Amino acid sequence: MKKFKLFMDIQKEEAWLNAMAKKGWLCRHVSSLGIYHFEKTAASEQIIRIDYQSFKNKEAKNSYIELYEEYGWEHLGSTWLHYWLKPTDGRDELFSDDSSQKAYLHRFLTYYGAMGFFLLMMTFSLLNNSSPYKNLKEAYFTPGLWEKEGGQFLFAFLFETPFALMRFGSPWLLLVWGIAFAIMYLKYLNKVRKVDKAI
Amino acid sequence: MKKHKLLPLTETMHYILLAVRNPLHGYAIMQEVEVMSNGQVRIAAGTLYGALENLLKYEWIERLPTEDPRRKVYRITDEGLEILKVEQERLQHILSLYERGIRDEEI
């Protein structure tokens, strides 16, 4: 079974994959586009962990994957994230001390922050630059469209509507995405602070 | 010596540096640390990877060339040994405080 599901929160994604495994649907592969390939299994004593790393070069990535494989983790694939699978044996975490756990959360914090900032900056620069986004009428670029009449108008109007909606909608879509990332940033900031307090 | 970002060493870093005084490959470091700590410290994969990258960055350990390029072997550098010496002095001082006990006369 192939499935696509969009997650903002990585910890929720991980919990969902493990809940699927409990139900007998084990994720065996994640494509680079983020499509999960599930297999029906009887034995479900498996754990999935999601990791996020950035690498200087290909060699660093290889030594990362080799080291995890030596530990018995199976690489299910990677998007910007890495998906790992292992039979449960009591050593089911990727991180064993506070500072590496905190560094893990910090990597997500940087990612969410950078994405949120980038998307919001894009939104504002689009909104500042031109007017098709404030008035839907101005998102239609066909010359003299509003002076046309009858069938001619209807045809031109309907023809351009999908493009106009894309033009009109794109900054608002970016804004929604940007806000979603900003919310995740604050959520993970809170998580990092909790770890800080616990140390 | 100026205080380094990684000092004082965490338990994980301490054990890894002590273990790689002999050349070891990645997974063997984890096994050696487990033995050295009487089973108390089990370094997880992500923690070991991050620690090795960090130690390589500051050149406290180095990657040794091997015949099998897939098998990465690590060893402590002279700089790493210096760090261990600094940490040893710090811990010895703390131990001496333990051994001195509580001085009754000052209470």
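Q: In which sense do strand 2 and strand 3 of chain A pair, parallel or antiparallel?
A: Strands of a sheet pair through backbone hydrogen bonds, in either a parallel or an antiparallel sense. In this predicted model, strand 2 (residues 25–30) and strand 3 (residues 35–40) of chain A are antiparallel and are joined over 5 bridges. Within that pairing, Cys27(A) has Phe38(A) in strand 3 of chain A as its bridge partner. The two strands of chain A make a hairpin with 4 residues between them, and in the turn Gly34(A) has a positive phi of about 90°.

Q: In what order do the strands of the open sheet in chain B lie?
A: The sheet in chain B has 3 strands in the order 1-3-2, with antiparallel pairing. Strand 1 (24–25) and strand 2 (61–64) of chain B are the edge strands, each pairing on one side only. Strand 2 of chain B is joined to strand 3 (residues 73–76) of chain B by 4 bridges, and Glu62(B) has Arg75(B) in strand 3 of chain B as its bridge partner.

Q: Why does the end-to-end distance of helix 4 of chain A agree with its number of residues?
A: Helix 4 (residues 150–198) of chain A has 49 residues, which at 1.5 Å a residue should span 72 Å, and because its end C-alpha atoms are 70 Å apart, the two values agree.

Q: What is the radius of gyration of chain A, and what would a compact globule of 199 residues have?
A: Chain A has a radius of gyration of 23 Å, whereas a compact globule of 199 residues would have one near 16 Å. The C-alpha trace of chain A spans about 75 × 40 × 30 Å along its principal axes, and 21% of the 199 residues of chain A count as buried. From the N terminus on, the elements of chain A follow the order β-α-β-β-β-α-β-β-α-α, with 4 helices and 6 strands.

Q: How many residues does each chain bring to the contact, and which helix of chain B gives the largest share of its side?
A: Chain A brings 19 residues and chain B brings 15 residues. On the side of chain B that touches chain A, helix 2 (26–36) and helix 3 (45–57) of chain B are the elements that give two or more residues, and the largest share, 6 residues, comes from helix 3 of chain B. By class, this side of chain B has 6 nonpolar, 6 polar and 3 charged residues.

Key
Residues numbered from 1 in each chain as written. Chains lettered and ligands numbered in written order. Predicted model: local features only at pLDDT ≥ 70, side-chain atom pairs only at ≥ 80, totals over all residues. Contact = placed C-beta atoms within 7 Å. Nonpolar A, V, L, I, M, F, W, Y, C, P; charged D, E, K, R; others polar. Pairing = 2+ DSSP bridges. Expected span 1.5 Å × (residues − 1). Rg over C-alpha atoms; globule rule 2.2 N^0.38 Å. Buried ≥ 20, exposed ≤ 12 C-beta atoms within 10 Å, placed from the backbone.
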